[in-house]
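Work through these exercises with the structure open beside you. Try each task before you read its solution.

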Amino acid sequence: MNHYPLWKNLLIVIVLALGVFYALPNIYERSPVIQTSAIKDQPVDEALLEHISEQLKASKVTDFKLSLEKNTVISKFETVEDQLVGKEVIDNLTGYKSALNLRTYIPDWLSKAGGSAMSLGLDLMGGVYFLMEVDMKAALENKFNQIRGDTIQVLSKAKISKKSLKWKNKQLVIKFKSADLAEKAFDKLRKQITEVNFKRKVVDGMESLVGTIRSKTIDDIKFKALEQNISTIRNRVNAYGVAEPIVQKQGAERIIVQLPGVQDSSEIKDTLDSVATLEYRAVNMTDNAYSLKQSGRPAPAGYKFFEDEEGRPVLLSNRVIVSGDQLTDAMAGTNQQDGGPMVSVTLNNVGAKRMLDFTRKNVGNNMAVVYKERVVVGEEKIMVDGKEVKRKIYQEKKTVINNATINGIFSNKFQTTGLRSAKYATKLALLLRSGALAAPVEIVREKTIGPSLGKDNIEKGFKSVVVGFVVVLLFMLIYYRMFGLVANIALSFNVVLIVAVLSLLGATLTLPGIAGIVLTVGMAVDANVLIFERIKEELRLGNTAQGSIKAGYDKALSTIADANITTFIAAIVLFAFGTGPIKGFAVTLSIGILTSMFTAIMVTRAIVNAIYGNKTKLKSLSI
Amino acid sequence: MNILGNTKIDFMSKRKFALIFSVMLIVISIGSLVVRGLNFGLDFTGGTAVVVDFEKPVELNEIRHVLEEQKFKDAVVQNFGSAKSVQVRFRSVSDDESTKLRDQLKVIVESFDPNAKVGKGDFIGAQVGVELVEKGSLAILYAIIGILLYVTMRFEWRFSVGSVIALVHDVMITVGVFSLTQIEFDLTILAALLAVIGYSLNDTIVVFDRVRENFKSLRKKSAKEVFNISINQTISRTIITSLTTLLVLLALFFIGGAMIHGFAFALIVGIVVGTYSSIFVASTATLSLGITREDLMPVEKEGTNLDHIP
């Protein structure tokens with residue numbers, strides 16, 4: 001007799017039901033949509049909705065639906081062709097930016113239960129891919145200079161004279177006249193310059209200190225440079241108006257930027273690698289900027305009007321005290337004295353000296369920080385080769401992000417206190433850091449996938465899966481008859497389970513991912529073939545039908561396990577060492593191995609048991 | 001239904017032919033790798049690739065000729081998916097240079113055929129390519145080490161050496177075919193090679209599993225006979241599985257589109273070679289290393305010793 005206990009049958013039914021449920025979102029069609037939002041502060045409202053609707057109808061696009069969502073107009077189309085016409089129409093509206101996207105509309109009850117469709121990779125929906133490398137050398141050099149400056153300061157404060165001090169092969173070498181001086185310096189520096197590990201050595205016959213930068217410091221610099229660049233890039237991409245952009249780090253020095261729906265890479269490239277900077281300027285303390293501006297009179301000599309974040313006028317000196325490239329670090333924190341939020345800023349040597357000179361004469365006066373960035377302010381239409389082309393207008397935007405009173409004389413390190421909130425302090429520190437020239441980025445990989453190629457890839461990929469699958473199903477049915485049918489049911493559930501797991505993991509479906517699914521289908525058959533061939537063998541050896549089923553499954557089990565575990569090892573290695581598409585392939589392959597073992601062994605056994613398990617006088621099997 | 005019923009083929013006696021055949025294939029592969037090398041794709045070489053769509057099928061040599069005249073000397077020109085699409089690959093150091101060269105290429109191609117559509121280029125820095133090669137080779141090495149350890153643990157070291165010989169054989173011949181055909185070798189092909197390793201092993205392990213089982217049950221047979229019986233017992237499974245996997249891969253190859261063409265091709269070659277090697281290479285290598293029944297049954301040996309203690 002071949003029986004599965006009730007719990008096993010239940011488990012199988014539950015797993016399969018869950019699989020079907022969570023794979024379900026993927027059968028809803030993806031509709032092409034356009035997301036439209038304002039470039040600056042143009043209204044996004046019913047009137048705009050009405051206007052877009054009229055414009056679309058004028059261009060003979062009829063199958064569309066418009067809706068408002070969080071300052072964005074979502075235009076849903078039936079076909080990609082309509083979507084592209086729609087993009088042209090909407091792009092003609094001045095003051096708005098639009099992005100192409102694909103959206104799955106799934107019912108509420110499904111999304112509430114956590115169901116979601118797999119998102120499509122760039123290769124399937126079209127878009128631009130950038131791999132950007134952060135120039136860590138620049139970031140490290142900056143830090144080296146800062147440490148050098150700090151060291152000089154510590155030594156001169158302690159009145160320890162040195163022979164020479166310089167960086168040599170990533171080591172800070174300080175030479176002294178005597179062992180006594182070196183010893184004294186060692187004592188001071190060890191406590192105050194914590195980024196460096198100092199050792200007493202004799203270099204070129206002179207008593208010296210050799211400082212090696214701690215690996216933690218280097219990791220820290222790299223981490224900060226990367227984080228800062230990611231946040232800057234993310235801000236810019238968001239400002240550009242791309243639907244669902246991906247900005248993430250890859251390894252310790254690279255950033256992946258994926259912009260679905262974008263087709264013109266050159267334009268966005270300008271935005272991505274432009275650098276923001278900042279300036280410290282003196283505030284005019286004699287005139288009232290507001291009333292001056294109101295009266296329409298020009299700024300007093302040596303001063304210029306700036307605006308703060310709320311658009312209020314500020315009068316600042318033409319002279320820049322310290323600029324972004326002289327700022328080495330900015331960190332948000334809490335003020336020891338009043339517990340309020342603050343930002344502590346570190347300057348390099350040059351900046352420190354200028355700040356010292358300035359603050360010496362200006363205690364009690366105000367100093368402001370100006371943030372400069374290239375931003376999109378509008379669009380213009382120009383004629384290129386007789387064709388009208390739309391171009392974005394960029395402008396250097398200067399905003400006063402902070403305005404504070406100078407409370408004392410300072411040089412390389414100072415705090416900005418009295419900030420509104422801890423959140424504001426964090427934001428200010430981030431802006432200061434991104435305005436500092438910490439580490440420029442360089443594009444090391446660029447890839448553009450056209451929307452038609454993406455559509456082509458989906459269609460072909462999907463078609464090859466279906467054809468391959470059907471051919472295998474037919475073969476199994478003809479070769480193994482009843483058992484083939486059982487295997488086919490299991491195989492179908494296998495694909496459903498893979499899709500369900502991928503959807504639950506929030507995985508992105510890529511072309512290699514589809515290939516992985518196809519390959520798993522081919523290989524999933526293997527477990528069943530092993531079992532069925534074993535059953536046939538048992539029958540040939542004269543075993544009873546029921547006995548053959550039992551022996552077939554039992555004997556094939558260790559073979560299946562061994563074979564799958566070795567493939568699994570290969571998949572894990574692929575995952576650990578692969579990047580991007582290879583990782584996607586490895587994920588689907590390993591999920592496929594697990595689900596195929598479940599379906600090929602447990603699911604088929606349950607069905608076979610249900611069909612044959614109760615027949616006591618079973619003479620032959622349809623195999 | 002049965003394709004193969006009770007086969008009784010003496011595979012092990014044919015191992016000399018198999019050896020000559022395999023050595024020949026490997027020599028050709030290495031020879032081609034030395035002489036022609038691999039047609040490395042953008043992933044590994046770095047540079048820029050641009051796809052140009054023409055309205056009619058074009059002669060690749062003509063395009064090569066035009067490009068060579070116009071300072072694109074090192075450019076690689078090859079078909080991309082169809083006779084109407086051509087991929088041009090050339091060296092470029094930075095993204096800016098890549099954009100500039102792409103614009104120049106556009107002018108050249110349009111003077112050659114005004115209706116040609118020059119696509120957006122893919123650019124990849126050379127350093128990224130070098131890293132990918134390093135990582136890829138490491139991945140294959142680690143996969144092989146992991147597998148060696150697992151098979152040694154579950155079977156015996158001779159089996160593990162036999163299976164590794166078989167999969168090195170498979171990888172070399174597959175890479176050799178890529179060298180001979182000069183089909184572009186990119187990152188997805190590397191992924192396919194790893195899948196081939198997985199598959200080839202899968203096949204080999206199934207045979208070995210049977211060998212281990214038969215060593216226990218068929219006490220009176222010689223090692224050579226045990227291997228022959230085991231391969232014959234598993235041969236129909238080996239062929240059916242390879243067949244179903246091949247069916248799916250053929251679907252991918254013919255319908256899947258240009259981007260997975262190479263991937264499917266690598267797997268097709270790998271699976272054909274892998275099926276052959278699991279029968280003729282892995283088993284013969286293990287047998288030649290002198291595997292005996294006792295190697296697989298250390299536990300039972302102890303048991304018999306105990307019986308003799310009075």
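**Exercise 1. Decide whether A:K60 is buried or exposed.**

Step 1. Recall the cut-offs: a residue is buried if 20 or more other C-beta atoms lie within 10 Å of its own, exposed if 12 or fewer, and partly exposed in between, with C-beta atoms placed from the backbone.
Step 2. Count for A:K60: 8 other C-beta atoms lie within 10 Å, so A:K60 is exposed.
Step 3. Locate A:K60: the loop between helix 2 (46-58) and strand 2 (64-69) of chain A holds this residue. Helices (H or I, at least four residues) and strands (E, at least two) are DSSP runs, numbered from the N terminus.
Step 4. Check the backbone: A:K60 is not a glycine, yet its phi is positive, about 65°. Most residues other than glycine have a negative phi.

A note on the model: it is predicted, local features need pLDDT of at least 70, side-chain atom pairs count only at pLDDT 80 or more, and totals for chains, interfaces and linings use all residues. Residues are numbered from 1 along each chain as its sequence is written, while chains are lettered from A and ligands numbered from 1 in the order in which they are written.

**Exercise 2. Find which elements of chain A have the lowest and the highest mean pLDDT.**

Step 1. pLDDT is the predictor's confidence in each residue, from 0 to 100.
Step 2. For chain A the mean is 83, and 92% of its residues reach 70 or more.
Step 3. Helix 9 (residues 265-273) of chain A has the lowest mean, 69. Helix 1 (residues 6-23) of chain A has the highest, 93.

**Exercise 3. Describe how strands 14 and 15 of chain A pair.**

Step 1. Two strands pair if DSSP finds at least two bridges between them.
Step 2. Strand 14 (residues 303-308) and strand 15 (residues 313-323) of chain A have five bridges and are antiparallel.
Step 3. Pick one pair: A:F306 stands opposite A:V314 in strand 15 of chain A.
Step 4. Follow the turn: strands 14 and 15 of chain A form a hairpin with four residues between them. In this turn, A:G311 has a positive phi of about 85°.

**Exercise 4. State the order of the strands in the open sheet of three strands in chain A.**

Step 1. The order is 16-17-20, with antiparallel pairing.
Step 2. Strand 16 (327-334) and strand 20 (413-416) of chain A each have a single partner strand, so one side of each lacks a neighbour in the sheet.
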